[in-house]
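Trainee: I'd like a close look at one part here, the place where two chains come together. Could you walk me through it slowly?

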Amino acid sequence: MRITYLFDGSMEGLLCAVFESFERKAKQVKVELLQHHQPDAFTESMQIHNDSKKAGRVWSALQKKLSPAWIRKFYCCFLSERPDAYTSLYEFCHYLFTHPAGAEDNYGNEHVLLIAQMARKVEREKHRMEAFIRFQESQDGLFYCGIDPDFNVLPLIMKHFKDRYASQRWLIYDINRNYGLFYDEVSVEEVHLDFETQKRLQKIPINAQASKEQLYAVLWKDYFKSTNIVARKNTKLHTQHVPKRYWKYLTEKQIDSFG
Amino acid sequence: MSERIREKLSILADAAKYDVSCSSSGSNRKNEKGGLGNGHTSGICHTYTEDGRCVSLLKILLTNHCIFDCAYCVSRKSNDIERAAFTVEEVVELTMNFYRRNYIEGLFLSSGIFKNADFTMERLLKVVKKLRLEERYNGYIHLKTIPGASEELIREAGMYADRMSINLEMPTESGLKLLAPEKSHKEVIQPLAYVQRQIIQFKEEKKLIKSVPKFVPAGQSTQMVIGATPETDKEIMHTANEFYRNFGLRRVYYSGYVPISNDNRLPIIGSQPPLIRENRLYQTDWLMRFYGFHVNELLNDANPHLDIDIDPKLSWALRNLQFFPVDINVASYKMIMRVPGIGINSAKKIVQARQYGKLRIDQLQKIGVAYNRAKHFIKCADSPYQLKEYQSTQIKSFILAESQSKYLKNDTSQLILF
């Protein structure tokens, strides 16, 4: 009998789905997000209730079976928030628990391969955020950037920014997912802004910017222009490295009145 | 004030751009409490110029005043251009403020030679010291070693820099003598060797005493200008290979010469920089460093030049068809890496995956093998049986017909007459 497990999009929910399927010896299970579910006449559905104990058991079993690098892949793949990624993670757990050790190296298996490839995409997006985020300094010394990454990469980039910008206050806000990371020179906190504030904060308005912010933006643009070698122009390569959807972040790509 | 600094930045960034190294990798320098910045092991490219080169460092000259007159250089003494010089404070302020905004990964500081080598090196050292000690900056710093500077200064600079480099400029001594009679390869080799010895010494000491400071943790690199003088690819790559081996270099950069001078010893202004050749040289460099190829396999007396229309790995395979086809399911990792169309990542995945069953074509494609290219050189579980053995020229034409070179603006294949 076919059945669809509905979970809430959390890692805990996904792991509980794995737990339930083993406990019920269920076959032919599909995993779906609760909010995306469309009931159909021929499959039953069951809502998964989160239980940290059950999830914990699955997680520790995964940790026993997988190397830290693979755990990271698993987590990255989860952060992609893609329906096929959830399916593969679920199937991967089943595959892993029913096969002898080392099964995760079998790239001939479609779920293993999908997780590895999806994790790579997420890592790439994470790396791009580390590269393309451009802070603007506000009058009170806060460095701000609003982003809307393809995947939910904020948890992944936190450590990088915390280590690097240890001596300045910063805020990175995921505009689509509506949460952000705020660092106050001691620790990083997750923050949620109400809608109005959030709208205002997509870019810092000029009158709230630090006095030298405009100057450094212009200097950076100048630098970007003069470091280019016109004789070697290669637009295709350029857009391959900096896809156009990221240009909105980049200070050097904004047209301004200073020229 | 702001106008003047904009002007200076334009002049001095423009003069520094022909130095192609922009890598920010290899350093794992940690940030300290209350400090700014750290090293990122794999480096981060924060943006790319319109010619597709990565911009990760603020690459500037301290000054473009220079006492030398090297024909290939924009800042040569006899060139009539605007000259400028940064103060130490200006460089520090620019670096810190760009870094705080996540524009850059660090600073690449070079300089024209004014007065003499020691005087110039001292000024460079001042900038680096101010950044590290006063501003508590722990981001990446790439510093040019000034040939002829005293060993004490070089050693002190190495304590603060992440990478140091000296450019070889011309691949052969005779080429260098032609364009820059005042310079010689020996001047480059001496400080390269000195820094290399220091790196080894610091590493040895660090094994015993943990508190030994870092010394040029991201190693050294050098750069050669390609196409300004008539060297063969073989000469270039053999020089590169020698420098990799003798000085433990992290990178050798190849910079296609961009005509900037009316000097009759050089290609005329307006001629295209040799971009394809540069690309092929980099491919060869990668094959040497990561794919286990010896330089003699790729370039030797019989083949002193790289093929322009196909990459060096494919051209090696076509010259050595006796090694192929390789059976993906039994061949060694080293041999799989040598198959055109299979990269390091795919090779690793293949070796891991084949323990769980024989690999088929569709699996190879999913793993990421460029199958249309690789199929001429491999066998796998469901390879079609092939009676005819093709000649290397035939295989080459098959591959060329299928692939589209990114460098070819127009299709050059001959039209069918009938």
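How many residues does the contact take from chain A and from chain B?

Mentor: Before the count, some ground rules. This is a predicted model, where local features need pLDDT of at least 70 and side-chain atom pairs count only at pLDDT 80 or more, while totals for chains, interfaces and linings use all residues. Residues are numbered from 1 along each chain as its sequence is written, chains are lettered from A and ligands numbered from 1 in the order in which they are written, and side-chain values use heavy atoms, with hydrogens and water left out.

Now your answer: 56 residues come from chain A and 59 residues from chain B, where contact means heavy atoms within 4.5 Å. Together the two chains bury about 5200 Å², and 53% of that is on carbon and sulfur atoms. Buried area is the accessible area (1.4 Å probe) that two parts lose on being put together, summed over both.

Next, the pairs that reach across. Between chain A and chain B there are 7 salt bridges (a side-chain nitrogen of Lys or Arg within 4 Å of a carboxyl oxygen of Asp or Glu). You can look up B:E50 and A:K233, which form a salt bridge with their closest N and O atoms 4.0 Å apart. The interface of chain A and chain B also has 35 residue pairs in polar contact, both residues being at pLDDT 80 or more. A polar contact is a pair of N or O atoms within 3.5 Å; within protein, one must be able to donate a hydrogen and the other to accept it, and residues adjacent in sequence count only if both atoms are side-chain atoms.

By class, the side of chain A that touches chain B has 25 nonpolar, 17 polar and 14 charged residues. Here Ala, Val, Leu, Ile, Met, Phe, Trp, Tyr, Cys and Pro count as nonpolar, Asp, Glu, Lys and Arg as charged, and the others, Gly among them, as polar.

It's handy to know how chain A itself is divided: domain 1 (3-125), domain 2 (133-209) and domain 3 (211-259), with bounds that come from an automatic or database domain assignment. The C-alpha centres of domain 2 and domain 3 of chain A are 22 Å apart, and each of these two domains gives 12 residues to the contact between them. That pairing buries about 900 Å², with 39% from carbon and sulfur atoms. It has 3 salt bridges; A:R134 and A:E252 form a salt bridge too, with the closest N and O atoms 3.0 Å apart.

Chain B, for its part, has domain 1 (2-298) and domain 2 (312-402), whose C-alpha centres lie 38 Å apart. These two bury about 870 Å² between them, 63% of it on carbon and sulfur atoms. On the domain 1 side of chain B, B:Y291, B:F293 and B:E297 lose the most area to domain 2, together 58% of what that side buries. B:E297 also meets B:R338 in a salt bridge (2.8 Å, N to O).
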